[in-house]
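Have the sequence and the 3D view open, and try each task before you read its solution.

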Amino acid sequence: MTLSVRNVAVAAALGAALCTTLAGCGGGGGSAPGSGSGHPAARMGTPGTSTAPPSAASPGAPQAAGSSPAAAPPPAKAPTLAPGPDGLTPVFERAKQQSDKTVALTFDADMTSDQGPRAADGEHFDNPQLVSTLRTLKVPSTIFMTGRWAEEYPDQAKAIGTDPNFEIANHSYSHHAFTSPCYGLPALDAAAARADVDRAFAAFRTAGAVNTVPYFRFPGGCYNDQALRAISTAKVTAVQWDVVSGDAFAKDPDAVAEQVLTGVKPGSVVVMHCTRSAAPVTEEAVRKIVPELRKRGYRFVKVSELIGK
C-alpha cells in the first residue's frame, strides 16, 4: 500500500517543516529519501507475514554505558507480528483484513530530549483538550509517546496510561533519528538506539502508565534494515501508517479533516499529533472526522486490535 500522489506531496512538505520546527515528528513517509535504506522512498514499511500470540517479549537487552538502568518488560497483552527476514523487527502499516470497516487513529506525543528549555518558557508539547475530546467521543486511540514527553507531563502520561480508552506505544525517548538522514534529526548508533527504546518504556513506568503496548514508531517514520536490526531484541512491532493527516503545523482543521476522510480505507492507520504547539488544530479536526467516519460505518479501534486481526 502506498500513499496517493497528493499525500506523498503533503508528506514531503511536512518533512521540511518538521526539520525546522519540531525536527522530524511523525508525518512523513517511511525512510527519508537518501537514507540508504534500500527501500523505495514511497515505501512505508511492509506488514509482517503472521501474527504472533501475545507474549512477554519486550525490551531487556543490556544498555549502553551511561544510559538508564535496564527497563523491565512493559505489559505484553497486545499481539505482535512475527519477526521479519533474518529476525528483523516486523513493520505494520495497515491491517491485512481490509473488509472490516475499522480504523485506528494514532497520535504522536512528540518532545525531543533537548526541548526542556522551550517547555520551561511556556511552549506546550501536550494537548489535554484533544485527549478530553477523544474520551468524550469514546474513540479508542493509540498514543505514540516519547519518554521525554512522559517526563515533562507525568500526570498526563499516567492519566492516559491508566485509561482503558487508550494504549501508550513507544516513540523513542529522545526523538532522535534511528537512521540518517532524517529531517535533520541527530542520529543514534545501534547501541544507543536500543537503549533509547528501553529508556522510553522506563519513563512510562516511572510516570505510572500501565496500558503500554510493545509497539514502536520511528521518529520521523525513518528506518532501514539497520534500524530494524538495532531494535530487534526489544521484541516490538514497528508501526507506520497509510494515512497522513497533515495536521502538523496546519491552521485549517477542515483541510486536515478532508485529508483524513479522503485517505481512510478499511484497516487504515492514521497518523496525527498530540502536541499543541506543533499541531494546534488537531482537536478541532478530530471533532469533524469522528462523526463523519461513524456515519460511513467505520468503527474506531486501537492499533492492537488491527494487529490482532
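**Exercise 1. Locate F249, then say whether it is buried, partly exposed or exposed.**

Step 1. F249 sits in the loop between β9 (243-244) and α8. Helices (H or I, at least four residues) and strands (E, at least two) are DSSP runs, numbered from the N terminus.

Step 2. Buried means under 20% relative accessible area, exposed over 50%, and partly exposed in between (1.4 Å probe, protein chains only). With 23% relative accessibility, F249 counts as partly exposed.

Step 3. Now look at the backbone: F249 is not a glycine, yet it has a positive phi of about 65°.

A word on the model before we go on: it is predicted, so local features need pLDDT of at least 70 and side-chain atom pairs count only at pLDDT 80 or more, while totals for chains, interfaces and linings use all residues. Residues are numbered from 1 along each chain as its sequence is written, and side-chain values use heavy atoms, with hydrogens and water left out.

**Exercise 2. Find K235 and describe its backbone and its accessibility.**

Step 1. Look in the loop between α7 (225-230) and β8 (237-239), where K235 has its place.

Step 2. K235 is not a glycine, but its phi is positive, at about 60°.

Step 3. At 45% relative accessibility, K235 is partly exposed.

**Exercise 3. Describe how α8 and α9 pack.**

Step 1. Two packed helices are described by the angle between their axes and the distance between the axes. Axes are lines fitted to C-alpha atoms, for helices over the stretch in contact, and angles run from 0 to 180 degrees between N-to-C directions.

Step 2. Helix α8 (residues 253-263) packs against α9 at an angle of about 35°, and their axes are 8 Å apart.

Step 3. Which residues meet? From α8 come P253, D254, V256, A257, V260 and L261, and from α9 come E284, A285, K288, I289, E292 and L293. Contact means heavy atoms within 4.5 Å.

**Exercise 4. Which residues of α3 are buried, and where do they lie around the axis?**

Step 1. In α3 (residues 128-136), the buried residues are L130, V131, T133 and L134.

Step 2. These residues cover an arc of only 160° around the axis, so they are on the same side of α3. The arc is that of the directions from the helix axis to the C-beta atoms.

Step 3. The buried residues of α3 pack against β4 (102-109), β5 (141-145), α5 (154-161), β6 (166-170), β10 (268-273) and α9 (282-295).

Step 4. Just after α3, K138 takes a positive phi of about 55°.

**Exercise 5. Explore the surroundings of T142.**

Step 1. T142 is found in strand β5, and its 0% relative accessibility makes it buried.

Step 2. Leaving aside neighbours within four places in sequence, T142 is in contact with L105, T106, F107, E167, A169, K302 and V303.
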